[in-house]
Amino acid sequence: ESGVTDLIIPCHEYKSLATAAELNKEQLQSKFASEVIRFASACMNIRTNGTIHFGVMDSVEDKGWKHGQIVGIKVKKREDYVDALDLYIEKCFCDNLQETARKCIHPPVFVEVISKDPQEQRFVVEVDIEPTYTLVKKSCFEVCLPKYNESSHKVILTKEPALYQRVGAKSEPVQRNKLTAFIQAVPDRDAQREKAELSSTQVHTEIPQDLGRKLSILLNDGKSYMDDSLRYILVTNRCEQDNLNYINFLMHLNIFCVFDFDEHSNVSGLCSKYKEYHEASSYFLQDFFNEIKTDTPPSQKLFDQTSWIFCNGRSDFLGDEKPCDENTWIRTKKKYLKKVITCICEEILPQRSFIVLFLLLSPVQKPLVDTFQEFYTEMNGMEYIICIAESRENYGRWANLAQASCSIETLEQRSVVGMKLSHIDATVQAMLPSTAQPRHLPVSTGGVCILPSREEEKLYSLEILCADQCDDIKPNHWTEKQIQEIEQNFYRGRKIIWENLWLADKRLCGDIIEREACKDASKLLDGILRGTVLNYPVAKLKIFHHPGSGGSTIARQVLWKSRKHFRCAVIKTLYPPSTVCNHVLALRDYEEREITHCFPVLLLIEDYDDEYFEELQTVLLEAAATRKMNTPRPYFILICCRRCNDPESLCKASPLDTVAVTHKLTESEKSLFNTKLEKLKQKDVKPEFILTFVLMCEEFNATYVSDLVAHTLHGIDLHSRDTCLMRYVALLNCYVPNSYVSLSHCEAFLGLGAYTERTSRVYDFKHRLSEQARMIFIELRESTSYISSVRIIHCLVAKEILHQLSGNESQSQLAMNLIQEKTLFENRFGREEFIKFIKHLFIRRDKRSRGDNTDTLFSPFIEHVCEAEDCEKAIAVLKAAYELLGKDPFFAQQLARLNYINEKFEDAKHWAEVAKGHLPDDSFILDTEGQVYR
């Protein structure tokens with residue numbers, strides 16, 4: 001039984017109803033209705049929800065029963081109980097409140113009790129009271145209660161109506177001298193009820209403690225790493241078979257002795273896992289207990305090995321003594337247990353050199369708590385005692401018993417409760433000075449869990465950034481030359497890799513500059529996580545950036561800084577959005593106990609197509625809606641990183657969730673970049689080997705880019721094969737964002753494809769190139785597609801290369817030559833990507849919505865040919881592309897558009913019909929046909 005708590009959580013009252021249930025209908029109904037209406041009046045007047053239970057013992061006078069014991073009652077006719085409420089609500093409440101009472105007093109519910117006698121069916125009858133604010137406001141509920149008169153055999157009502165209220169766990173009448181004050185307080189009780197109802201409808205999500213940090217500090221006496229400076233006394237109980245795989249961390253603790261409270265510990269459980277420990281203890285036990293029984297100080301040598309003390313078997317404590325009765329055994333056991341603990345704490349281990357760890361693996365029995373009380377007394381408090389419990393129930397019982405020695409608050413401060421044992425195991429092992437650690441993910445309780453390779457491989461559409469990314473690399477893993485090469489590749493224009501950030505953190509290379517846009521992005525992310533901006537299940541943080549301005553670096557810096565607290569991944573857009581969604585959900589839920597407490601998953605998606613992104617967003621929203629969980633945090637946070645020509649306008653259009661990154665440096669950034677450049681030069685790094693960084697320092701000034709390209713191309717062989725390749729790659733890089741040519745294509749074009757699966761490549765691609773090409777090209781490996789590829793170090797450099805290497809050859813002729821290169825189009829590896837880039841060259845238009853400067857009618861390449869050459873050349877190259885690229889209907893559509901805009905209507909009609917012949921129902925093609933006829 002319970003009193004009023006928060007008005008929404010129901011108070012409870014018990015009634016046995018054992019006698020009345022056996023009486024006639026009138027007697028039963030009057031007794032049942034009397035108890036319900038009195039309880040209901042009390043709840044409605046106090047404005048609290050409540051439940052009254054019939055068939056539960058409410059008295060302890062009968063020694064055969066316990067208060068609260070479920071006994072049930074025989075129910076002859078259920079309708080008798082239902083009718084009783086209907087009848088007496090009408091009679092007992094005032095006329096104007098009868099309907100309100102009917103709405104607040106719910107119909108009785110019959111819960112069957114499983115009886116030892118299968119012939120006798122019994123029930124607990126429950127009636128719920130729910131006085132909602134809109135029903136009961138401004139009202140007091142006086143009632144007259146029915147009572148069966150034994151002499152007249154009739155039911156009579158009490159003469160004077162009474163107001164009832166909940167007093168503790170009882171329903172009692174309001175005393176006359178307090179009636180006025182009680183009635184005057186009605187508005188206050190109404191306000192409390194309204195507030196309680198509003199609060200109950202809001203989402204209350206408990207923000208979990210950072211239990212990982214708490215565990216590391218308590219277990220290591222304030223240090224964040226494990227060493228051998230402390231010894232541990234382990235006090236534990238039965239370890240279930242399923243948990244034996246998650247206590248490996250104990251092997252890495254410097255354990256002094258184990259107090260084992262598992263009743264089966266000599267055959268199973270924890271000691272079976274650490275067999276060598278307790279077997280080594282067998283010789284110790286007999287000598288040790290013989291000594292303490294005679295009050296002889298034990299020898300230090302007895303503790304040279306970890307001792308395993310079985311605390312549930314008589315033999316450990318009594319040796320070969322004669323059997324004794326149970327009570328004598330318990331007293332003797334406690335006496336010797338006290339001596340053992342006193343001996344350890346006062347005579348063997350120096351103060352502050354050890355920690356007593358209570359590891360509660362199963363329901364707690366009192367002897368284990370007695371052990372805690374002895375340690376607490378001997379150690380003068382809990383400063384070097386900690387408790388770990390995965391189960392809140394096990395901890396609750398332990399804490400209730402242990403508070404006889406120590407306050408609940410102190411116990412809470414020294415306990416790690418609710419963290420999965422597997423997370424505890426992974427968190428402790430992550431603190432070990434090991435160089436061969438598994439990969440770990442953060443969990444919502446603040447610790448980590450292990451991400452086995454087989455589980456990571458299942459999530460193949462994601463590049464997962466772990467909490468300890470790169471930490472398995474040994475300090476001497478790379479030579480100084482290799483570290484310098486990794487650093488130079490980044491400053492030449494290669495996309496940043498996690499190793500760059502790890503090396504910078506470890507001070508094995510120079511710091512990586514953090515642009516101000518990175519701080520802005522971090523602030524926006526913090527706002528999303530704190531709920532200071534309007535959140536949806538899928539939140540977005542957009543980073544729009546000029547090509548080569550460091551947008552991708554900023555996005556990865558944000559992820560890197562978040563990796564220890566949130567699960568982070570890069571989306572591989574070559575997989576369908578549905579697959580990505582499934583993998584993201586699996587990543588979010590992996591090893592989490594309560595998925596409502598999970599932190600959002602941070603997902604980086606780069607240089608995506610609008611259609612792909614919209615589909616991904618839709619499936620993620622649907623997945624969140626299917627789970628029907630209202631949480632104050634978003635499920636997923638998409639960090640959308642995209643190159644564009646006008647990032648500032650896109651930021652202006654959506655300032656609350658967008659960051660713009662431009663080539664323009666602030667004064668403070670200029671200082672950082674110039675300082676960094678000087679440091680790189682001091683390392684004898686030549687500027688030509690870090691061209692992209694040098695360009696960044698110059699803010700991609702057009703004159704500087706032109707001079708740099710002219711200087712770099714000086715003396716180049718205009719007729720060589722690699723110069724031709726440079727032109728082709730520059731053409732794509734200039735007009736198609738994020739384009740590249742696979743290394744396989746480049747090798748085939750240069751005639752370097754002589755290798756098989758069983759042999760290494762005969763030629764080194766880099767060394768085959770001219771000096772100029774080596775400086776202009778950058779080789780990269782896309783982590784999301786695993787394709788090794790080549791591109792020009794920057795799109796502005798590509799544009800300038802096209803200009804300076806053009807000679808007498810027009811860009812239309814260059815494109816015509818490109819689409820006739822059989823070696824490129826017949827090379828199978830990476831062919832789909834290559835064809836996609838070629839098609840984009842001819843038909844992908846600029847759009848402001850993608851961050852381009854203008855909305856173009858045709859692809860930028862076709863528009864350039866029309867303006868710099870003439871429309872005939874543009875038509876000719878599009879015709880050739882149509883024939884050579886498999887007669888793509890959209891090339892025919894573009895030819896129709898190009899012709900009718902230039903008033904070549906017959907040709908336009910022809911190409912519109914060709915396109916329609918391929919796709920007769922396509923709306924875009926039909927629209928083009930309509931425009932031709934118009």
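Reader: How many aromatic pairs does the structure hold?

Author: The structure holds 26 aromatic pairs. One of them joins Tyr395 and Trp398 and is tilted, with 6.1 Å centre to centre and 35° between the planes. Rings of Phe, Tyr and Trp (its six-membered ring) pair if their centres lie within 6.5 Å; planes under 30 degrees apart count as stacked, over 60 as edge-to-face and the rest as tilted. The model is predicted: local features need pLDDT of at least 70 and side-chain atom pairs pLDDT 80 or more, while totals for chains, interfaces and linings use all residues. Residues are numbered from 1 along each chain as its sequence is written, and side-chain values use heavy atoms, leaving out hydrogens and water.

Reader: Where do Tyr395 and Trp398 lie?

Author: Both are in helix α13 (residues 392-402), three residues apart, about one turn of the helix. Helices (H or I, at least four residues) and strands (E, at least two) are DSSP runs, numbered from the N terminus.

Reader: Why does Tyr395 count as buried?

Author: Buried means under 20% relative accessible area, exposed over 50%, and partly exposed in between (1.4 Å probe, protein chains only). Tyr395 has a relative accessible area of 6%, so Tyr395 is buried. Trp398 is buried too, because its value is 0%. Another aromatic pair, Tyr635 with Phe636, is edge-to-face, at 5.6 Å centre to centre and 80° between the planes; both of these residues are buried.

Reader: Which residues do ring pairs link into a cluster?

Author: The cluster consists of Phe259, Phe358, Phe372, Phe375, Tyr376, Tyr395 and Trp398.

Reader: Which residues of α1 meet α2?

Author: Lys25, Leu28, Gln29, Ser30, Phe32, Ala33, Val36 and Ile37 do, and among their partners in α2 are Tyr81, Leu85 and Ile89. Contact means heavy atoms within 4.5 Å.

Reader: How do strands of a sheet pair?

Author: Backbone hydrogen bonds join them, either parallel or antiparallel. Two strands count as paired if DSSP finds at least two bridges between them. The antiparallel pairing of β18 with β20 (residues 568-571) has four bridges, and Leu462 stands opposite Ile571 in β20.

Reader: Where do side chains point in a regular strand?

Author: They alternate between the two faces of the sheet. In β12 (residues 307-310), Ser307 and Ile309 on one side and Trp308 and Phe310 on the other are all buried, and both faces are covered. β12 runs parallel to β11 (residues 255-260), joined by four bridges.
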